[in-house]
Amino acid sequence: LALGFVGLAQFLPVVALALVAGQVADRYNRSRVLVGCLLLQGVCTLLLLTLTVLGNTDSRWIYGVLVLAGVARAFEFPATAALLPNLIPTQQFASAAALTSSARQSASIIGPAIGGLLYAVGPIFVYGACILLLLAAVSQATLIHLQRLVTTPKAVSWTSVVAGVKFIRSQPIVLGAISLDLFAVLLGGATALLPIYARDIIQVG
């Protein structure tokens, strides 16, 4: 149940702020939005580290921090996705998108493995490593200079907010691909149960 709440605390902000985050990515400097999101994630990691050091046993504090981390991720994803086309020539976009996707998938596999090894030493080392890596990411993100300026946005309106939804509905292929990915994400969260399998079923601790 606690693992379920951990996932929910991070997932709900992403869903609730999806349209707003898209508008922010369109209207403001995307590299600055990315830096802000990384800094907020660093603050969340520092808070979790503090709770661990203080021996916190109240899970509500942890859920609260995770909601805050979910807010950061809600704004980070659209800003990052929209940032890539501004960094490279159009003819290199396909290769860059593939390379970015490969790097992200590799990190999602290697990162938890390294985190598990560090956790065997102690949770403080995990949080410390996360903070250092986030600071490194912030330092790199501040060096981003856009090659092409974003067009001047129009006034905020409900039409502009839901324009992306209307476009997706008008494109059956895009709608199908997004729907398939959505169900894979919603129903693929069973990996969160792996700690229970390790402890109670496989009994490896």
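The side chain of glutamate 76 touches the side chain of glutamine 41 through a polar contact at 2.6 Å. (A polar contact here is a pair of N or O atoms within 3.5 Å; within protein, one must be able to donate a hydrogen and the other to accept it, and residues adjacent in sequence count only if both atoms are side-chain atoms.) Glutamate 76 sits in helix α4; helices are DSSP runs of H or I with at least four residues, numbered from the N terminus.

Glutamate 76 is buried but has no salt bridge, and the nearest side chain of opposite charge, arginine 73, is 5.6 Å away. For burial, the cut-offs are under 20% relative accessible area for buried, over 50% for exposed, and partly exposed in between (1.4 Å probe, protein chains only). For charge, Lys and Arg count as positive and Asp and Glu as negative, while His and the chain ends are not counted. A salt bridge needs a side-chain nitrogen of Lys or Arg within 4 Å of a carboxyl oxygen of Asp or Glu.

## What you're looking at

This is a predicted model, where local features need pLDDT of at least 70 and side-chain atom pairs count only at pLDDT 80 or more, while totals for chains, interfaces and linings use all residues. Residues are numbered from 1 along each chain as its sequence is written, and side-chain values use heavy atoms, with hydrogens and water left out.

## Salt bridges

Side chains of opposite charge can pair when their charged atoms come close. By the rule above, the count comes to three salt bridges. One of them joins aspartate 26 to arginine 30, at 3.6 Å from N to O. Aspartate 26 is partly exposed at 40% relative accessibility, whereas arginine 30 is buried at 9%.

Aspartate 58 and arginine 60 make another, at 3.0 Å from N to O. In that pair, aspartate 58 is partly exposed with a relative accessible area of 23%, and arginine 60 is exposed at 63%. Then there's arginine 199 with aspartate 200, at 2.8 Å from N to O. Here arginine 199 is exposed at 55%, and aspartate 200 is partly exposed at 41%.

## An aromatic pair

You'll find one aromatic pair in the structure. (Rings of Phe, Tyr and Trp, the last by its six-membered ring, pair if their centres lie within 6.5 Å; planes under 30 degrees apart are stacked, over 60 edge-to-face and the rest tilted.) Phenylalanine 5 is partly exposed, with 40% relative accessibility.

## A greasy stretch of surface

Phenylalanine 5 also belongs to a nonpolar surface patch, alongside Leu1, Leu8, Phe11, Leu12, Val15, Leu182 and Leu186, with about 770 Å² of accessible area together. Two elements, α1 (2-16) and α9 (172-187), each give two or more residues to the patch, and α1 has the largest share with five. Leucine 12 lies in α1 and is partly exposed at 47%.

Patches take residues with over 30% relative accessible area and no salt bridge, joining like charges within 9 Å and nonpolar side chains (Val, Leu, Ile, Met, Phe, Trp, Tyr) within 5 Å. Accessible areas come from the Shrake-Rupley method with a 1.4 Å probe; for residues, only the protein chains shown count as cover.
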